Amino acid sequence: MARTKKTNMETADIKQPAEEEQSVGLILKNARSKRKRDLQRIADKLRIRVQYLEALENGDYKAFPGQVYAIGFLKSYADFLGLDVDALVERYKKETAFLEPAPLTMPIPERQILLPHPRLILGGLFLVFLIWLVWYFATYPAHEDPVLPPIVEEETLALTAGAPKNELSKKEALSSTQEVPSVSETIEEKTTEPVKPATPRVEIVATQEAWLEVSEDDTIIFSKVLKAGEKYEVPSASTQMVLKTGNAGGTEIWVDGQKVKSLGPVGAVRSNISLDPEKLKNR
């Protein structure tokens with residue numbers, strides 16, 4: 001009898017706390033275990049690093065770059081497991097009320113500035129100068145030829161000798177009004193308008209602090225935390241680029257000067273958003 005009571009006491013000690021007393025991490029871990037889902041596969045499906053999902057289950061909230069990202073990842077994970085998203089977010093806020101917000105830091109790839117060799121620079125300058133010389137001498141107007149009086153042939157003089165004076169005066173007046181065009185007037189002036197750089201069709205504007213990542217074929221083209229008011233102009237060379245944002249409500253997309261449909265609420269994580277201008281217009 002005593003042994004049975006002892007066994008019951010030990011079983012009571014290892015019982016898990018009631019659901020209303022469980023932490024966010026324990027609720028997530030139990031829900032995943034109940035569904036027998038692998039954590040790495042869930043991370044691949046949600047496109048969230050597995051260490052962030054582990055941090056949620058272990059209650060290690062300092063592993064996140066900021067509270068916005070922790071809440072965004074929590075919403076995606078809870079929604080995938082079929083849990084009450086709003087209730088878990090409120091419980092998370094109560095658990096982290098005493099924590100100081102960690103500074104928001106995201107790794108930004110350094111840009112390498114490659115300068116050409118000095119010989120190439122000098123060679124390019126010499127080639128430009130040579131082209132300018134050829135153009136200058138090809139378009140430089142020749143010396144104007146002196147205007148010579150019209151040659152009057154003997155036959156014309158003979159015909160006009162017997163003409164009346166009034167007809168001669170008309171002919172003289174007509175010949176005096178004729179002007180000989182100069183060589184410089186035959187050269188056509190050619191003007192070329194400067195080529196205006198093509199303006200990007202798609203712009204991403206941050207209305208709140210938001211982390212953005214633009215990639216193409218699993219190659220990251222742009223990754224940065226934009227502050228409110230900053231924007232990123234999407235190159236128009238390809239239509240295969242996609243966007244991932246950690247704050248959908250704080251991210252706006254403009255196509256040809258028009259704002260497209262909102263990506264989602266504040267703090268929501270959105271990924272695989274096509275940056276094709278035509279697809280964005282039809283969202």
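1. Terms and model. Helices and strands here are DSSP runs, numbered from the N terminus. Helix H7, for one, covers residues 118–139 and holds Leu-127. The model is predicted. In total the protein chain has 10 helices and eight strands.

2. Confidence. The mean pLDDT of the protein chain is 75, and 65% of its residues reach 70 or more. Where pLDDT is low, the predicted coordinates should not be read in detail.

3. Overall figures. Of the 283 residues of the protein chain, 27% count as buried. The chain exposes about 21,600 Å², and carbon and sulfur atoms supply 55% of that area. Take the contacts between residues at least 6 apart in sequence: 60% of them join residues at least 24 apart.

4. The patch around Leu-127. Phe-126, Leu-127, Leu-130, Ile-131 and Val-134 make a nonpolar surface patch of about 510 Å². Leu-127 itself is partly exposed, at 49% relative accessible area.

5. Helix H4. This helix spans residues 50–58, and its buried residues are Val-50, Tyr-52, Leu-53, Ala-55, Leu-56 and Glu-57. What do the buried residues of H4 pack against? Their partners are helix H2 (24–35), H3 and helix H5 (67–81). After H4 comes Gly-59, with a positive phi near 70°.

6. Strand S1, Val-205. This residue sits in strand S1 (residues 202–206). Is Val-205 buried or exposed? Val-205 is buried, with a relative accessible area of 18%; the cut-off for buried is under 20%. Leaving aside neighbours within four places in sequence, Val-205 contacts Glu-230, Lys-231, Gly-250, Thr-251, Glu-252 and Trp-254. Gly-250 is 45 residues away in sequence, yet the two C-alpha atoms are 8.5 Å apart.

7. Strand S1, Glu-203. A salt bridge joins Glu-203 to Lys-231, with the closest N and O atoms 3.6 Å apart. Glu-203 lies in strand S1 and Lys-231 in strand S4 (residues 231–234), so the pair ties together parts that are 28 residues apart in sequence. Both partners are partly exposed: Glu-203 at 22% relative accessibility, Lys-231 at 47%.

8. Strand S5, Thr-245. Strand S5 (residues 242–245) includes Thr-245. Thr-245 counts as buried, at 0% relative accessibility. Its side chain makes a polar contact of 3.1 Å with the side chain of Thr-251. Not counting residues up to four places away in sequence, Thr-245 touches Ala-210, Trp-211, Leu-212, Thr-251, Leu-263, Ala-268, Val-269 and Arg-270.

9. Other salt bridges. How many salt bridges does the structure hold? There are six. One of them joins the side chains of Glu-252 and Lys-259 (3.6 Å, N to O). Glu-252 is partly exposed, at 22% relative accessibility. Asp-256 pairs with Lys-281, the closest N and O atoms being 3.0 Å apart. That pair links distant parts of the chain, 25 residues apart: Asp-256 is in the loop between strand S6 (251–255) and strand S7 (258–259), and Lys-281 is in helix H10 (residues 277–281). Asp-256 is partly exposed at 36% relative accessible area, as is Lys-281 at 44%. Salt bridges that share partners join Arg-201, Asp-256, Glu-278 and Lys-281 into one network.

Terms used: Residues numbered from 1 in each chain as written. Predicted model: local features only at pLDDT ≥ 70, side-chain atom pairs only at ≥ 80, totals over all residues. Heavy atoms only, no water. pLDDT = per-residue confidence, 0-100. Patch = residues over 30% accessible without salt bridge, like charges linked within 9 Å, V, L, I, M, F, W, Y side chains within 5 Å. Areas by Shrake-Rupley, 256 points an atom, 1.4 Å probe, with all protein chains shown as cover. Salt bridge = Lys/Arg side-chain N within 4 Å of Asp/Glu carboxyl O. Helix = DSSP H or I, 4+ residues; strand = E, 2+ residues; numbered from the N terminus. Buried < 20%, exposed > 50% of the residue type's maximum accessible area, 1.4 Å probe, protein only. Contact = heavy atoms within 4.5 Å. Polar contact = N/O pair within 3.5 Å; in protein donor to acceptor, adjacent residues only side chain to side chain.
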